[in-house]
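Please read it alongside the sequence and the coordinates shown here.

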Amino acid sequence: MIRHLLICEGEKPEFRIITGLLQSYGFSVTKEVRTSLPIDGKKIPVTYLQLTDQIREVVVIKDRYCRIGELLVHMDTEWVDLGLMLPFQLDEDEFASILFLHDVDHASDADLRDLMAKLNNPEEGLLLISNPCIEALGDFYESHIHVHEHCKEYKKVLERRFTRRKSNIGTSSSFSAFLAEQARFFMALRLCENVVSFQEKDLLLHPSLFVDRCVRTNHTNNGVFPADFSPISSVAYVLVGCIFNLFAQEDNSSIVLDKLKENTLISWTIVSCIEAEGHYISRTVYDESGATVHDQCIEWCNAEAACPENYLDCCKPLLKKS
């Protein structure tokens, strides 16, 4: 059994998105433990989830206090003291990859650089960030946001915007639940976006490139709000390549994209709509035989959210069923 460890910051969204993603590949939950750990004199709630398919096991740890700043406190110069964080004893050598899924949130530039320097390869620990939070996976209206007090404000804006478009999308889910249901699509879209933006097809280089860009373009006010975040994006898609061992060659972006497209019954294509002066996502749903059930055109990006050069061409074949 090939084992992977994924440590998530946050209470629900990351956990829900990762669980939805893995279950779409046939993983099932085989064990769940909820406990608390004594850290800094406090009892910190931690959830441990084990998901398996026929040859892989992914251990997911959810710790809502495991933010970038707190994580650095419990880290030496070489490695995280996992014993402080996890509800069981383990040896990092047991895992083919160890991944940390984190939000930039209120982290300072110095902390972000420091953590990336320590967690820069999947065998010993790789940092995968979202700017400013994991919900940014599904935000295609904004390339830059200003947050006054807390990222909860931004999440509420995303939820309200999504609620107004539920009838077009054809779902009764909340925004975070929809992200989990369509995790493959949103990760594929960010993958395409970042390949073009970074001009880099080796996805293992994307985490550090994204951190460098966030440090250059974010204005996080030394880790406190108000803060400006740019670019709005995520490199969470890298975990798919790690879990399925798809990084044997440097030009691996198309391999990971194909994995995200695998066996999907939904085709998503970005198209340009000149008359509406914006960009739209076209959603096609297929039945098991491959016949088209219905087509929808969902407004997702407005004209002011500038796309990188060739972004649309890069994403047109996004999740097309073969």
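Angles under 35 degrees count as roughly parallel, over 145 as roughly antiparallel, 65 to 115 as roughly perpendicular and the rest as oblique. Axes are lines fitted to C-alpha atoms, for helices over the stretch in contact, and angles run from 0 to 180 degrees between N-to-C directions. The crossing of H8 and H11 is left-handed, a term for a near helix turned anticlockwise from the far one by less than a right angle (right-handed if clockwise). Arg184, Met187, Ala188, Leu191, Cys192 and Val195 of H8 make the contact with Ser253, Val256, Leu257, Lys259, Leu260 and Lys261 of H11. Contact here means heavy atoms within 4.5 Å.

H8 also packs against H9, at an angle of about 70 degrees and with the axes 11 Å apart. H8 and H9 are therefore roughly perpendicular to each other. On the H8 side the contact is made by Asn194, Val195, Ser197 and Phe198, and on the H9 side by His206, Leu209, Phe210 and Arg213.

## Basis of the model and overall composition

This is a predicted model, in which local features need pLDDT of at least 70 and side-chain atom pairs count only at pLDDT 80 or more, while totals for chains, interfaces and linings use all residues. Residues are numbered from 1 along each chain as its sequence is written, and side-chain values use heavy atoms, with hydrogens and water left out.

The secondary structure of the chain comes to twelve helices and 13 strands. Helices (H or I, at least four residues) and strands (E, at least two) are DSSP runs, numbered from the N terminus. Of the 322 residues in the chain, 56% are buried. Buried means under 20% relative accessible area, exposed over 50%, and partly exposed in between (1.4 Å probe, protein chains only). Among contacts between residues at least 6 apart in sequence, 67% join residues at least 24 apart.

Strand E7 spans residues 125-131, and seven of its seven residues are buried. In a regular strand the side chains alternate between the two faces of the sheet. In E7, Gly125, Leu127, Ile129 and Asn131 point one way, whereas Leu126, Leu128 and Ser130 point the other way.

Two strands pair if DSSP finds at least two bridges between them. Strand E5 (residues 97-103) pairs with E7 in the parallel sense over five bridges, with leucine 99 having leucine 126 as its bridge partner. Strand E6 (residues 120-121) runs antiparallel to E7 and is joined to E7 by two bridges; here asparagine 120 stands opposite leucine 126. A hairpin of three residues connects E6 to E7. Strand E10 (residues 233-234) is likewise antiparallel to E7, again with two bridges, and serine 234 of E10 is the bridge partner of serine 130.

## Helix H1

Helix H1 (residues 13-24) has twelve residues and reaches 16 Å from its first C-alpha to its last, close to the 16 Å expected at 1.5 Å a residue. The expected span is 1.5 Å times one less than the number of residues.

Nine of the twelve residues of H1 are buried, so H1 is largely enclosed by the rest of the structure. The buried residues are Pro13, Glu14, Phe15, Ile17, Ile18, Thr19, Gly20, Leu21 and Leu22. Just after H1, glycine 26 takes a positive phi of about 95 degrees.

Most residues other than glycine have a negative phi, and most peptide bonds are trans. A cis peptide bond joins asparagine 131 and proline 132, with omega about 0 degrees; proline 132 is found in the loop between E7 and strand E8 (145-147). Serine 230 and proline 231 are also joined by a cis peptide bond, with omega about 0 degrees, and proline 231 is found in the loop between strand E9 (227-229) and E10.

Glutamine 199 has a positive phi of about 55 degrees although it is not a glycine. Glutamine 199 is found in the loop between helix H8 (183-198) and helix H9 (206-217) and is exposed, with a relative accessible area of 66%. Asparagine 245, also a residue other than glycine, has a positive phi near 55 degrees. Asparagine 245 is found in the loop between helix H10 (238-243) and helix H11 (253-261) and counts as exposed at 65% relative accessibility.
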